[in-house]
Amino acid sequence: MTVVEPARLADAAAIHALVTYWADRGDMLHRPIGEIYEAIRDFKVARIGGEIVGCGSLHIMGPDLAEVRSLAVAESAQGRGVGAAIVAACLEDARAFGLERVFALTYRPGFFQKQGFRLANVMEFPQKVWNECVRCPFFTNCKEVAVVLDLRRPDLSVPLAPGAAP
């Protein structure tokens with residue numbers, strides 16, 4: 001059974017190892033261990049049998065916007081709903097904070113679309129572009145795709161009561 005919970009300081013090395021594994025393959029950006037420690041309160045980890053098999057964080061960018069970042073799942077746990085469970089936990093936090101939108105920059109937009117995100121233009125998130133992306137070595141040749149989920153939008157998959165307006 002997969003358990004998703006807030007990360008602890010003791011989890012930083014495992015988070016770093018997961019992120020580094022995928023970053024070394026070119027599937028995500030590297031994150032220095034110091035940055036992971038600084039953001040440890042933003043991270044969720046997924047455990048199976050006590051072992052960390054996934055991680056991800058919700059990084060608040062402003063009063064209405066946050067980013068899901070550093071989402072990584074061990075190869076041994078791929079296809080088992082671990083990534084979706086981490087994203088769901090991040091979205092739960094976003095709703096609790098009263099955020100309006102959550103976005104991600106990803107090489108796997110299809111995964112996020114399955115979680116309800118839509119494709120977006122990265123310029124919808126100027127605070128990301130001009131505070132962080134501009135310092136990235138791939139800034140002029142970025143291959144990440146922006147996706148966003150509007151948390152204000154009603155969930156149309158739930159039937160509305162008769163006569164209720166969406």
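**A buried serine and its surroundings**

Modeller: Let me begin with a single residue of this predicted model. Ser57 has a relative accessible area of 1%, so it is buried.

Colleague: In which strand is the place of Ser57, and which residues does Ser57 touch beyond those up to four places away in sequence?

Modeller: Ser57 lies in strand β3. With residues up to four places away in sequence left out, Ser57 touches Asp42, Phe43, Glu67, Val68, Arg69 and Cys90.

Colleague: What pattern does the protein chain follow when read along the sequence?

Modeller: The protein chain holds five helices and seven strands. Read along the sequence, they give the pattern β-α-α-β-β-β-α-β-α-β-α-β.

Colleague: Among contacts between residues at least 6 apart in sequence, what percentage joins residues at least 24 apart?

Modeller: As background, buried residues account for 39% of the 166 residues in the protein chain. Among contacts between residues at least 6 apart in sequence, the share that joins residues at least 24 apart is 69%.

Colleague: What distance separates the end C-alpha atoms of helix α1, and what span should its residues give?

Modeller: Helix α1 covers residues 12-24, which is 13 residues. At 1.5 Å a residue these should span 18 Å, and this agrees with the separation of the end C-alpha atoms, 18 Å.

Colleague: Within what arc do the buried residues of α1 fall?

Modeller: The buried residues in α1 are Ala12, Ile15, Leu18, Val19, Trp22 and Ala23. They line one face of the helix, because, seen down its axis, they fall within an arc of 130°.

Colleague: Which elements do the buried residues of α1 pack against?

Modeller: On the other side of α1, Ala13 and Asp24 are exposed. The buried residues of α1, in contrast, pack against α2 (33-38), β2 (43-48), β3 (51-60) and β4 (65-73).

Colleague: Which residue just after α1 takes a positive phi?

Modeller: The backbone angle phi is positive just after α1, at about 85°. The residue that takes this value is Gly26.

Colleague: Which residues have the most contacts inside the largest nonpolar core?

Modeller: In soluble globular proteins, nonpolar side chains tend to be buried together. Here the largest nonpolar core has 39 residues. At least two of its residues come from each of α1, β2, β3, β4, α3 (82-97), β5 (101-106) and β7 (145-150). Those with the most contacts inside the core are Ile15, Cys55, Val82, Val102 and Phe117.

Colleague: How many residues make up the other core that lies apart from this one?

Modeller: Another core lies apart from the largest one, with Met61, Leu65, Phe103 and Ala146 among its members. Its number of residues is seven.

Colleague: What distance separates the C-alpha atoms of Leu65 and Val102?

Modeller: Leu65 belongs to strand β4 and is buried, with a relative accessible area of 0%. Along the chain, Leu65 and Val102 are 37 residues apart. Their C-alpha atoms are separated by 5.7 Å.

Colleague: How many disulfides does a search of the whole structure find?

Modeller: The closest cysteine sulfur to that of Cys55 is in Cys90, 9.8 Å away and therefore too far for a bond. Cys55 counts as buried at 0% relative accessibility, and Cys90 counts as buried at 1%. The number of disulfides found in the whole structure is zero.

Colleague: Why is the pair of Tyr21 and Trp22 edge-to-face?

Modeller: There are three aromatic pairs. In the pair of Tyr21 and Trp22, the ring centres are 4.9 Å apart. Tyr21 is partly exposed, at 34% relative accessible area, whereas Trp22 is buried, at 9%. The pair is edge-to-face because its planes stand at 85°.

Colleague: Which residues do ring pairs link into a cluster?

Modeller: Phe111 and Phe112 form an edge-to-face pair, 5.2 Å centre to centre and with 85° between the planes. Phe111 counts as partly exposed at 26% relative accessibility, whereas Phe112 is buried with a relative accessible area of 4%. The cluster linked by ring pairs consists of Phe111, Phe112 and Phe117.

Key: Residues are numbered from 1 along each chain as its sequence is written. This is a predicted model: local features need pLDDT of at least 70, side-chain atom pairs count only at pLDDT 80 or more; totals for chains, interfaces and linings use all residues. Side-chain values use heavy atoms; hydrogens and water are left out. The expected span of a helix is 1.5 Å times one less than its number of residues. Buried means under 20% relative accessible area, exposed over 50%, partly exposed in between (1.4 Å probe, protein chains only). The arc is that of the directions from the helix axis to the C-beta atoms. Contact means heavy atoms within 4.5 Å. A disulfide is a pair of cysteine sulfur atoms within 2.5 Å. A nonpolar core is a set of buried Ala, Val, Leu, Ile, Met, Phe, Trp, Tyr and Cys residues joined through side-chain atoms within 4.5 Å. Rings of Phe, Tyr and Trp (its six-membered ring) pair if their centres lie within 6.5 Å; planes under 30 degrees apart count as stacked, over 60 as edge-to-face and the rest as tilted.
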